[in-house]
Amino acid sequence: MKPRSLVATATATVLVATGLAVTGETAVAHGGGYSALIQRASYGVPHITARDFANLGYGVGYAQAEDNICLIAEQMVTVNAERSRWFGADTGNVGSDLFQRKAIDDRSAERLLIGPRDGLHAPSTEVRDLTRGFVAGYNAYLRRTGAANLTDPACVGKEWVRPISELDMWRVHWTSMVLAGSAAVADGIVAAAPPAAMSTPVRPGELTGTLPAPGAAAVVDAGDGAPAGMGSNAYGLGRDATVSGAGMLLANPHFPWDGADRFYRMRLKVPGRYDVEGAALIGDPLIEIGHNGKVAWSHTVSTARRFVWHRLTLVPGDPTSYRYDGRTRKMTARTVTVQTPEGPVSRTLYDTHFGPVVVVPGRFDWTTDTAYAITDVNATNNRALDGWLAMGRAKSVGELWSVLDRRQFLPWVNVIAADRDGRALYADHSVVPRVTDSLAAACIPASFQSLYATSGQAVLDGSRSSCELGRDRDAAVPGILGPANLPTLVRDDYVTNSNDSYWLANPARPLVGYPRIVGDERTARSLRTRLGVHQVRQRLAGTDGLPGRGFTAGRLWDVTLGNRAYGGELVRDDLVRLCEAQPTATASDGTTVDLTAACAALRRWDLRVDLGSRGSHVFTEFARAGGLRFADPFDPDAPLTTPNRLAVDDPKVRTALADAVQLLSGIPLDARLGDIQTEPRGAERIPIHGGWPDAGVFNMIINQVQPGVGYPKVRHGTSYLMAVELGRDGPSGRQLLTYSQSANPNSPWYADQTRLYSAKRWDTIKFTQKQLRADPNLVTYRVGERRR
């Protein structure tokens with residue numbers, strides 16, 4: 001094939017402010033090359049149209065490179081095990097590289113592509129075309145601009161900014177799939193060594209925060225069920241909950257504000273084949289949260305587990321061999337090597353037929369008698385991109401449900417959806433290991449039954465083939481639970497999820513009877529979950545202080561950004577009475593602390609986390625210090641209202657308030673939240689509302705206090721925010737990206753949506769041509785290349 005070169009295909013008025021050219025032509029093929037039409041709407045959101053998926057991918061890759069080339073380039077460094085080489089052999093880069101090097105040597109990404117291209121056994125031609133086009137578009141932008149001429153200081157002139165390949169993209173995708181599986185225990189995989197060789201260059205825990213792949217804010221401890229810090233809220237509203245009778249959706253994922261895990265807003269269209277508006281994680285070529293003309297959907301992180309443990313019975317005298325059905329099996333040992341500025345680092349890693357050997361000190365140790373391996377059911381999940389593509393083509397909640405049943409592709413998230421006919425759907429049809437109740441009873445040793453009951457972590461007897469995961473008849477692939485074993489609910493009123501289990505997706509119809517590995521039932525819900533349900537119920541009853549009853553897109557926006565702190569609503573008054581009666585308390589370090597100013601600030605607090613809320617930070621730090629201790633027990637028959645009374649006689653309550661006052665030393669306790677909680681954009685500090693879920697806040701904003709300063713930087717929280725109504729005249733509503741479209745400080749789209757969020761304003765849904773053409777800032781240009 002002859003080399004390709006970028007050709008200029010749009011020659012119209014040059015817009016000096018943006019450097020873009022204007023043309024009204026539609027996208028066409030360029031003689032076997034690539035071509036896509038990009039219409040940049042307000043806030044830099046690209047609406048990309050192309051005649052097929054290869055050309056659409058090209059447009060996506062080009063647009064994302066224009067806005068976030070440094071983030072994508074860093075992704076490629078990560079998945080190619082080169083973080084230590086370029087960023088230094090510290091902060092866990094070595095551990096990350098060893099994990100990724102193992103995946104490369106195992107050909108994990110290449111294995112995703114093996115099989116017939118039907119979207120079930122291997123990615124379809126359409127998805128491969130999208131990926132191929134994305135790579136070509138990214139490379140075209142880089143070739144046209146050159147690394148030395150990039151405007152983003154994060155990577156201008158850096159050697160690690162290079163052309164990418166399709167294999168690079170599949171490595172990124174594989175890493176995203178295993179985020180809540182292998183990557184969740186990556187430190188334990190890298191550190192695992194037989195008892196005689198436990199001196200390691202990488203210690204357990206060293207990897208935390210070092211796998212910045214799509215959806216990976218941080219690597220979690222083995223006891224957690226989802227990516228650390230990740231979460232979301234979502235409402236699916238049916239005809240009985242909306243003023244118009246049409247379905248509505250709230251999408252409110254909580255993801256990092258920095259790094260490669262940011263969302264990117266897009267509208268993507270292949271006429272007659274695909275037409276979706278919404279957002280994807282940067283580096284992904286299609287919409288993952290969004291809507292078409294008839295259906296809208298979002299995702300929340302599911303409570304289901306993604307891997308199972310296998311307890312291995314080792315052969316006496318040989319800690320790298322294990323017994324299986326009475327016979328001996330040898331572990332596979334492989335030495336992987338990564339390059340650092342100080343020289344190569346090598347590590348021998350171990351695999352079994354179940355999967356890699358993992359250590360978690362004090363919990364899953366490798367001794368002379370026992371070792372533990374995991375099976376990650378997402379390690380071979382090659383269905384996800386085709387699944388999202390099929391979701392984007394669904395025309396009703398029923399069709400979307402069929403997509404979930406047939407493909408079973410979602411790696412670690414629930415689905416919440418609504419359609420134009422006013423039906424709402426909740427489903428946890430994610431990829432879950434096939435641990436049925438009968439398998440758990442027969443194969444989880446007695447010493448691990450309690451762990452399974454409390455956490456959903458399954459430790460199976462690895463010495464018997466009868467304890468393998470097996471296959472459900474209705475499952476898309478072996479080893480996972482089929483749809484009949486997964487919770488689904490369709491309603492005419494509403495469904496909701498805020499990262500608790502499926503149990504109370506709608507409290508009027510609790511979902512029960514599912515395997516424990518999927519989630520818990522009849523257990524206490526988080527304050528955020530409880531508030532989420534209360535908000536819907538109060539809006540339907542018209543008792544939330546807003547006009548009328550039922551939801552419009554505007555009312556949905558107002559409810560979401562109402563910034564109520566439900567924990568404060570429950571206990572603030574009791575807390576104030578307690579601290580006024582006993583105005584001093586002993587902090588955890590033994591210091592006596594005066595609580596007078598804190599009591600006064602809490603008494604005047606408006607029980608919200610708005611920019612003007614004074615004293616909210618005192619309650620936040622009190623809650624984070626463990627002060628929200630309740631006197632009454634949880635009642636499974638009243639799960640939304642219990643517990644609700646502060647344990648005023650518990651000395652830890654006053655200790656937590658004293659600790660909060662100490663932590664906030666140098667910060668006025670009656671300060672306005674907007675004066676102390678900000679997000680930097682260059683020299684500008686943008687006030688940020690929202691708060692920690694520990695305080696029962698729905699609009700989640702996570703940050704760390706800086707003594708004497710406040711909260712100067714958002715870590716993660718509300719990111720892509722969409723309130724969409726699926727009316728007969730087309731979708732309408734509001735949306736924004738809290739941290740803005742581009743991470744480049746020299747981009748015109750670096751801070752504009754962040755200011756919108758600060759003011760509780762919004763950008764509008766622009767799905768119809770009428771909506772798009774009404775945008776006064778619309779700029780149209782074409783990108784492409786042809787073969788010589």
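Trainee: Is Cys155 buried or exposed?

Mentor: This is a predicted model, where local features need pLDDT of at least 70, side-chain atom pairs count only at pLDDT 80 or more, and totals for chains, interfaces and linings use all residues. Residues are numbered from 1 along each chain as its sequence is written, and side-chain values use heavy atoms, with hydrogens and water left out. Buried means under 20% relative accessible area, exposed over 50%, and partly exposed in between (1.4 Å probe, protein chains only). Cys155 has a relative accessible area of 0%, so Cys155 is buried.

Trainee: Which handedness does the disulfide of Cys70 and Cys155 have?

Mentor: A disulfide here is a pair of cysteine sulfur atoms within 2.5 Å, and those of Cys70 and Cys155 lie 2.0 Å apart. The torsion about their S-S bond is about -75°, so this disulfide is left-handed.

Trainee: Where does Cys467 sit, the partner of Cys443?

Mentor: The sulfur atoms of Cys443 and Cys467 are 2.1 Å apart, forming a disulfide. Helices (H or I, at least four residues) and strands (E, at least two) are DSSP runs, numbered from the N terminus. Cys443 belongs to helix H10 (residues 437-443), whereas Cys467 is in the loop between strand S20 (459-461) and strand S21 (488-491).

Trainee: What pattern do the disulfides of the protein chain follow?

Mentor: There are three disulfides in the structure, and one of them joins Cys579 and Cys599. Counting bonded cysteines along the chain, the pattern is 1-2, 3-4, 5-6.
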